[in-house]
Amino acid sequence: MQTTVIVVLVVVVAFAFDYTNGFHDAANAIATAISTRALTPRVALVIAAVMNFVGAFLGQKVANTVSDILSVAAGTYGLVVVVAALFGAIAWNLITWYFGLPSSSSHALIGGLVGAGLASASTVHWNQVVDKVVVPMVVSPVVGFVLAYLFMLAILWAFQRRNPHRVMRRFRRAQIASASAMALGHGLQDAQKTMGVIVLALVAGGFQEDPHHIPVWVILGAAGAISLGTYSGGWRVMRTLGRRIIELDPARGFAAETTAAGVLYVTAFVFAAPISTTHTITSSIMGVGATRRLSAVRWGVAGNIVAAWVLTIPMAALVAWVCYGVLHLLVR
């Protein structure tokens, strides 16, 4: 009975994390489209929520990567580890949301898993952490920046002799598609991470044996939670991405969203890497901004964002470590 209760608690907390992921990362998909007035805030949130929901059904490779990061013991001992990891991730999400910093919910979850795993002396698969998390964490922003910069240069060259007002009007319409693609990629990446944690809890609780099987109800729940969170919005982070890094025009907004979406799809389908949608879109925005001139990017704001990126995994791990210590005393 105790094991069942804790499994239910883990599932509820996991869906709560997915909800905070949604409102924390809503800006990832729609901030640029709103800042360029391609979409109104409410319409943009509806589109993002719907595409997040659809994206959650498009694959399971990222979920399997997350569930393979940690090996936990069966029974209540292992379940406490998973709960502590989720609390660590949720805490860091709320802190960075409060200060309007677009940090990574994905890396907060990974940090929580690592912190709780170390505190409990569970087996942390460091090869998974390095190959699937740390390396992509470093590479994906660089790729996003460079590709967005080159893509924007190509757009500027292709449309240099066209009527600027007409071109911007068309790119404003095109942003509906690029923002939708970005939201689809966000659902594809981030909803799967929560699914992986729930599967980890189900295996630890003895409710299933296959660590790579994701029940339909888990997919539906994760998709619904992240969609509701997205629809509730994340205005603090949205202002940072949409306006404070650089003033975007529709062409640059389209280029940033299209590039970021492409990186999300490739890393999910080809490399099964749980990369940060936040890192990807932020670096893409910086890339398109740099085509105007390097000084057009507000590097002070960008520096604060990078600092949050660096701190995310260790801080979420620290909170998860503390949560595990408290919960372990309460449950044993």
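Tutor: With the burial rule: buried means under 20% relative accessible area, exposed means over 50%, and partly exposed lies in between. Keep in mind that this is a predicted model.

Student: What makes the label of Ala 121 what it is: buried or exposed?

Tutor: Ala 121 has 70% relative accessibility. Exposed requires over 50%, therefore Ala 121 counts as exposed. This residue, too, is in a loop, between helix H5 (105-119) and strand E2 (123-124). Ala 121 has a positive phi near 60° and is a residue other than glycine.

Student: Now the rings. How many aromatic pairs are there?

Tutor: The count comes to 5 aromatic pairs. One of them is formed by Tyr 77 and Tyr 324.

Student: Why is the pair of Tyr 77 and Tyr 324 called edge-to-face?

Tutor: The centres are 6.4 Å apart, and a pair needs centres within 6.5 Å. The planes make an angle of 85°; over 60 degrees counts as edge-to-face, so the pair of Tyr 77 and Tyr 324 takes that label.

Student: What makes this a link between distant parts of the chain?

Tutor: Tyr 77 is in helix H4 (residues 76-98) and Tyr 324 is in helix H12 (residues 299-331), 247 residues apart.

Student: Why is the pair of Phe 171 and Phe 254 called tilted?

Tutor: The planes are 50° apart. Stacked needs under 30 degrees and edge-to-face over 60, with the rest tilted, so Phe 171 and Phe 254 form a tilted pair, at 5.4 Å centre to centre. The pair joins helix H7 (residues 164-204), which holds Phe 171, to helix H10 (residues 250-269), which holds Phe 254, 83 residues apart.

Student: How do you know whether Phe 171 and Phe 254 are buried or exposed?

Tutor: Phe 171 is at 9% and Phe 254 at 18%. The limit is 20%, so Phe 171 is buried and Phe 254 is buried. Phe 171 and Phe 254 also belong to one aromatic cluster with Phe 151 and Phe 159.

Terms used:
Residues numbered from 1 in each chain as written. Predicted model: local features only at pLDDT ≥ 70, side-chain atom pairs only at ≥ 80, totals over all residues. Heavy atoms only, no water. Phe/Tyr/Trp six-rings, centres within 6.5 Å; stacked < 30°, edge-to-face > 60°. Helix = DSSP H or I, 4+ residues; strand = E, 2+ residues; numbered from the N terminus. Buried < 20%, exposed > 50% of the residue type's maximum accessible area, 1.4 Å probe, protein only.
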